[in-house]
Amino acid sequence: MAGARPKSRSASEPGEPSDAFIFFGATGDLAYKQIFPALADLIRDEGFDLPIIGVARSGDLDSLKERARRSLAEHGFTDAAATQALTDRLRYVKGSDEDIETFRALRRELGEARHPLHYLAVPPALFGEVVGCLQVSGCAAGARIIVEKPFGRDLASAVALNETIHEVFAEPDVFRIDHYLGKEPVQNLVYFRFANSFLEPLWNRDHVASVQINMPEAMDVADRGAFYDQAGAIRDVVQNHLLQVVSLLAMEPPSGHTPEAIRNEKYKVLDSIRPLVPDDLVRGQYRGYRDTKGVAADSSVETFVALRLHIDSWRWAGVPFYIRTGKCLPVTATEVLVEMKRPPQSLFGEAQQRDADYFRFRLSPDMSISLGALAKKPGEAMAGEPVELLASHESGSERPPYQRLIGDASRGDQSLFAGEDLVEAAWRVVNGVLDDKTPLNVYELGTWGPPEAAGVLDRGDRWHDPVATPRMAASK
Ligand code: BG6
C-alpha cells in the first residue's frame, strides 16, 4: 500500500454505533485481563449487544469460551446471565495475524456487519501488517480500530505507524487506548480544576512551588519480562500515562466542553515541555531484574525513573514538574502533589516550613483530594502544626477504564483517547533520553529507588513518598 493517500474522512458518521466487535490476540494476556471483563461489564450494565469475534492462532471456539469464563471468574465477575450472554455471543476465527486468509475468513464471519470495531490486542510490531490485511480483505471498510499503547517505540516509529494506519483509517476512526484516561480520578483532575473557582487564581507560577507525580508500584515485572525488556519505565508509563496526567494538571481552561477543545489544550502543554536531556533524569533497575524470564542477561532497561520536566509556558515557566515511577518500590499508589509557595514573611517567628501547604490528589488505589496547611497548635504560643483537610471517595461505583473506553469507541466518542498529535508530542518529550543515554543505577527491592534520584530535585525540594492506606494494608 506504499504511496496510498492518507485517509482524512471518517468511514462512519460520528456517533454511528459499531455493529461488531473483533479482538485480535484473543488468547493473549490483555484479552484475559482486560477485554473479557470489560465486555461482560458492558453487557451487564449497558446492554452491549454486538457480535464478538475473537481472532487467534491457537485453540477453538470452545476453548475460547472456557478462557472467557475463567477470566471472569478470576476477576470476581458473578453475573451468570451476562457471562452466558458473552459466551453465547462469542465467535472465533483461527489464524495468523499476518495471513490474509485469516482476514478473508473474518470478513465472512462478519456477515452483514458494516461498521466493525477492531481491537488490536497484539504486539505493536504487527499493527502495520494487520491494518494492511484488514484493508485488502474488505474488513476495514466502514470500520474503527482500537490500538493499545505503547504506540511506537520512539518518535520516528510513532510517526511511521501513524502514517501506516492513516493509509487505511482516518484519524476519527483510530482509538489509541491509554487506560489512564479512562480512570475516574484522572478525569476528576480536569473536573476539579475547572468546576471550582478557588483554584484557578492559585494555579500558576506565582503560587505553585513545584508539582510532583509519584507512581510507585510494589510488584515486579512478573510474567511480562519479554514485553517489559523491550520497553522500560519511560516507554511503559511515562510517555503515556504520566505525561497525560501532566497535561491535565497544567492545561489552560478549554474553550468549550468538546473533546477537541480539551485535546487542543493538552497538546499545547505537551508541546511546551522542553525535550528531556540526560541531566533531567535518573534511571534505575531493581536488583534481580535480569534474572526474570524473557529479560536479557545484560539488560540495561530501566525499571525506575525519576525526572524533572520544564514547561516553557507563560503559566508554568520555572516551576519544576517532577515524575517518579518504578517497580519493586515500597507501595503501589499514584499521587499528585502540588506544593504551594510559602507566605512572603514568617509572622510568628517560626522557621519556614517548606512543604506545609499543598494539594494532594490521590489517583489510585483509592481516590482522594487533600489540602495540607499549617494550623495553630492549641496553647499559648502562636505555633503551628501541619493538618490535612481530606475529601475521599469510596471506590466501587465507577466504571473500570476498559469498560468505559471500549464502550466509547463503539459509539465513536474520541473524548478519552490520545490523538496522533498528542502521542507524537509526548514522544518528542522523551525521545532524547530513551535507551542507554543515561547511566543505570541498581536499587534494592522495596526501597524508593536509587539514592541518585534526589539529584533531579531543585535545592530544598524533596520526594513525597505516597503512603499505604489502611485499605491497601488490609488487602495485602
Ligand atoms: C500499564 C503498564 O500500562 O499500566 C504497567 O504496562 C503498569 O506496567 C500499569 O503496571 C499501571 O496501571 P494501573 O491501572 O494498574 O495503575
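This is a predicted model: local features need pLDDT of at least 70, side-chain atom pairs count only at pLDDT 80 or more; totals for chains, interfaces and linings use all residues.

**Exercise 1: the ligand**

How far is an oxygen atom of the ligand from an N or O atom in the side chain of Glu217?

Residues are numbered from 1 along each chain as its sequence is written, and side-chain values use heavy atoms, with hydrogens and water left out.

Solution. Begin with the surroundings: the residues around the ligand include Lys149, His179, Tyr180, Glu217 and Lys327, where a residue is listed if one of its heavy atoms lies within 4 Å of the molecule. Next, look for polar contacts, which are pairs of N or O atoms within 3.5 Å; within protein, one atom must be able to donate a hydrogen and the other to accept it, and residues adjacent in sequence count only if both atoms are side-chain atoms. For Glu217, the distance from a side-chain N or O atom to a ligand oxygen is 2.5 Å. Lys183 places a polar side-chain atom 2.7 Å from an oxygen atom of the ligand, and for His241 the distance from a polar side-chain atom to a ligand oxygen is 2.7 Å. Taken alone, the ligand exposes 390 Å², of which the protein buries 76%; such areas come from the Shrake-Rupley method with a 1.4 Å probe, and for residues only the protein chains shown count as cover.

**Exercise 2: two sides of a helix**

Which residues of H6 are buried, and which residues on the face turned away from them are exposed?

Solution. Helices (H or I, at least four residues) and strands (E, at least two) are DSSP runs, numbered from the N terminus. Start with the length of helix H6 (residues 155-166): at 1.5 Å a residue its 12 residues should span 16 Å, and the end C-alpha atoms are 16 Å apart, which agrees; the expected span is 1.5 Å times one less than the number of residues. Then sort the residues by relative accessible area, with buried meaning under 20%, exposed over 50% and partly exposed in between (1.4 Å probe, protein chains only). In H6, the buried residues are Leu155, Ala158, Leu161, Asn162, Ile165 and His166. They cover an arc of only 130° around the axis, so they sit on the same side of H6; the arc is that of the directions from the helix axis to the C-beta atoms. The face turned away from this buried side carries the exposed residues Ala156 and Glu163. Finally, the buried residues of H6 pack against helix H5 (127-136), strand E5 (144-148), strand E6 (174-177) and helix H12 (420-430), with contact meaning heavy atoms within 4.5 Å.

**Exercise 3: a capped helix**

Which residue caps the N-terminal end of H3?

Solution. Take the buried residues of helix H3 (residues 80-89), namely Ala82, Thr83, Leu86 and Thr87. Their arc around the axis is only 130°, which puts them on the same side of H3, while Ala80, Ala81 and Asp88 are exposed on the other side. The partners of the buried residues are helix H1 (29-46), strand E2 (52-56), helix H2 (61-74) and strand E3 (90-94). The cap is Asp79, which has a side-chain oxygen 3.1 Å from the backbone nitrogen of Ala81.

**Exercise 4: a residue in a loop**

Where does Asn204 lie, and is Asn204 buried or exposed?

Solution. Asn204 belongs to the loop between helix H7 (184-195) and strand E7 (208-216). Its relative accessibility is 15%, so Asn204 counts as buried. The side chain of Asn204 reaches the backbone nitrogen of Asp206 at 2.9 Å, and, not counting residues up to four places away in sequence, Asn204 touches Arg315 and Trp316.

**Exercise 5: backbone geometry**

What is omega for the peptide bond that joins Lys149 and Pro150?

Solution. This bond is cis, with omega about 0°, and Pro150 lies in the loop between E5 and H6. The peptide bond from Ser364 to Pro365 is also cis, with omega near 5°. Turning to phi, Cys328 has a positive value near 60° in a residue other than glycine, and at 8% relative accessibility Cys328 counts as buried. Asp435, likewise not a glycine, has a positive phi of about 60°, but at 40% relative accessibility Asp435 counts as partly exposed.
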